[in-house]
Structure formats: structure tokens, C-alpha cells
Amino acid sequence: MAHKKIVIIGPGHPLRGGLATFNQRLCKQFIDEGHSCTIYSFSLQYPSFLFPGTTQYSSEPAPRDMEIYSVINSVHPLNWLQIGNTISKVKPDIILVRYWLPFMGPALGTILRRVKKNRHTRIIALTDNVIPHEKRPGDTPFTKYFLKPCDAFITMSEKVMQDLRQFEPTKPARLVNHPLYDSFGDAVSKAAARQHLGIQQEDKILLFFGFIRKYKGLDLLLEAMKVIKDRLQAPGSQLQPPYSTLKLLVAGEFYEDGKAYQEQIQQLDIADMLILRTDFIPDSEVKYYLCAADCVVQPYRNATQSGVTPLAYHYEKPMIVTNVGALPALVPHEKVGLVCEPTPASLADAIERYFELGEAYFLPQLRQEKEKYSWHSLVETIFDLAASKSPA
């Protein structure tokens, strides 16, 4: 492959979160394969009233040997024109632009229109979402405005591909697997991870990981823990250990009011079954939470793809996922993990089934399945799409 000049438009350090982590890992892959790559990130990503967390910024050090320009102001139209003209003059061979929220449509759509004036750059959009989880006024026109200047598209789930085709039925588009997050450090032993986090070695640990939002179904999982507790305490219960030492580790920041969850926990009387770490988890700590777990649970009400799934694959943790979106395709049932319905009873049944089968049951097939999720495959797909021609 001849040397290419690539620009990634999307979040990067010092912004935090999965999108920034993904973009930086993809940038590294381009560089490792002999290409030049820079990231154009945001000086202002969200106005504070639109951001549900505590801070948008990471306290982690910047990635080495990587150029990240924090220059895009998401709410300043003159800035969009300026940045579009700047990138146009750079004349990258390929722009890989992330689209995850219609709010970004006007800024990104304007930048891309200015870039296209150079008649050289091919624009590939990696659409994490096309139709958002939480709908707001303006979603459809903002999304249409963004999609129009793009030459081709990548999605990481069939659901997003279907949503995309409602807007763009003919332009080239490819479905790829979300590559593994392998930038959080090597795995450590379960014992070492638990010691680091202050978790009892004998406990059986279910992990809910990531930002806490309604669609992710933490409330359903809390109710499932109550179902298990009631079954355990019922007269003549057949449940034996490990259920008496079962704990749910909730690791992630509330992206909505946490009071409702606290009230639910109190009402269900399950505080003794929970370990709550509901601050933002910095990158340097991620591996400890994954490695401490026996199983990762994703009790989502709806889903496109999930960044938690490739994390679990990387650290070789079996998963329990609900039968929504792309999750069942990513987690083959009773091979890599278990698929259940998004109800408390079904989640409770899956948890019991998981411990009946045991972690060792899933590991050989999980290790085989994870080979599909490489960063090189994503890079190849981007180059293939850049070489394709959009319909006239």
C-alpha cells in the first residue's frame, strides 16, 4: 500500500471516553502501517448543559508520537468554515470522520463541504449511530446534512447499517466488527486485580461497565440481583454457592440522575450484593475492572454496538448480553457467553446458567472468536472504500 495522508475527525486527547480511545488507537494503526495520520478534535465538544458527566477531559497523559489538534468548536459556524478550509489545504487522501450524535451534524457537515472543494480527499464516515438512542428535535435534518458530503460509510452493527440505508441507500457502505480495545494495558491476574480494587478474592463478580444511561438497563440488572436474592432465601432453595458470594460490580459514571438508582437499590434491599464504583474510570484503571470480573453483563434495552464487548473479548471475559441490536451476533450463545431477554427474570436465569457452566466452558471458543476483531481489518476496509466510486 502506497503511503497515504489520513485525517481522523473526532474526539481525541485531552477529551476522554470511548470515541477518543478508539480514534487514537486507529491513528496508531495507520502510523504503524506506514501512513501519516493526524486527529482533528474539539476545542469545544459539547456545551456544558448538554454534557451529562462530571468533566469532558481526561487526566491521563497524551498519547506519544501522535498529532492531535483540538481546534473544532461544535457551536461556532465561523470556526467550521475555518477548520474546513485548513483541512482542505492539507489535502489528505482520506478523511475518516466519526458520527455519533446529530448535534454534531451541522459542524461536521460544514467542515466536510469545505474540504470537498479540494477535489482530492475521499471522505469515509464511521457512523456509530445514525438514529440516536435519545431523540431530540433536529435529529433528521442534522443527520442528512452530515451524510450528504460523505463518499462512503462504515458501520459496526447491522442495526446502524439499516438506519443508514434509510438516509443513504446507494453510496458504498461496509459493516465491520468493532476492533478489540487493546490499548488499556496487558491483563493481570484476577487475584492481583481484586487486590488492587479492594475486592474480596472469594466473591463471584458480575461486572456492569461503562457510562450509566437508561438504555443500558442497569435497573433491569439490579432487579435481576433481587430475583437471585429472593431465590437464594426461599425455603428449600436449591441455590448453592457461588450465589451466596455473588456481587455486582457497577463501574462507570452516571450520565443521568443517580438518585433513582440509589432509591431502587434501597427499595430492593440489595446493597449487600453490590460494589458501586460510580466515578469515571480512567484508562489506567480499566484493565483492573475487567480482570477482576468473572463475567461481564450488558443488560441493554436497545443497542447498536457496544465498546464494552471488544473490551471483554480483549481481556477474555465471557459475557451475558440481552437479545437486542448487534449484541447477539457479537456474543454467540453458549459459546462466548449467554444471550437472554431484557427482563429481570431472564437475566437472573442467565446468571445462574453462567455459573452452572463455569468460566472455563466459554474460554476456548471466546479465544477463537476474538481473532475476528483486528485493527488491520478496519484499516483495509477504509482503504477499500476510499478506492470505491460513489454512484453518480
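1. Before anything else, a word you'll need: a residue is buried if its relative accessible area is under 20%, exposed if over 50%, and partly exposed in between (1.4 Å probe, protein chains only). Strands (E, at least two residues) are DSSP runs, numbered from the N terminus.

2. Keep in mind that this is a predicted model, where local features need pLDDT of at least 70, side-chain atom pairs count only at pLDDT 80 or more, and totals for chains, interfaces and linings use all residues. Residues are numbered from 1 along each chain as its sequence is written, and side-chain values use heavy atoms, leaving out hydrogens and water.

3. Now have a look at strand β11, residues 295-298. Cys295 and Val297 sit on one side, Val296 and Gln298 on the other, and all of them are buried, so both faces are covered.

4. What does β11 pair with? Strand β8 (residues 204-209) is one partner, parallel, over two bridges; strands count as paired if DSSP finds at least two bridges between them. Here Leu206 stands opposite Cys295. Strand β12 (residues 319-322) also pairs with β11 in the parallel sense, over three bridges, with Val297 opposite Ile320.

5. Next, the cysteines. A whole-structure search for disulfides (cysteine sulfur pairs within 2.5 Å) turns up zero. Cys291 is in none, as its nearest cysteine sulfur, that of Cys295, is 14 Å away. Cys291 is buried, at 2% relative accessibility.

Technical notes. Helix = DSSP H or I, 4+ residues; strand = E, 2+ residues; numbered from the N terminus.
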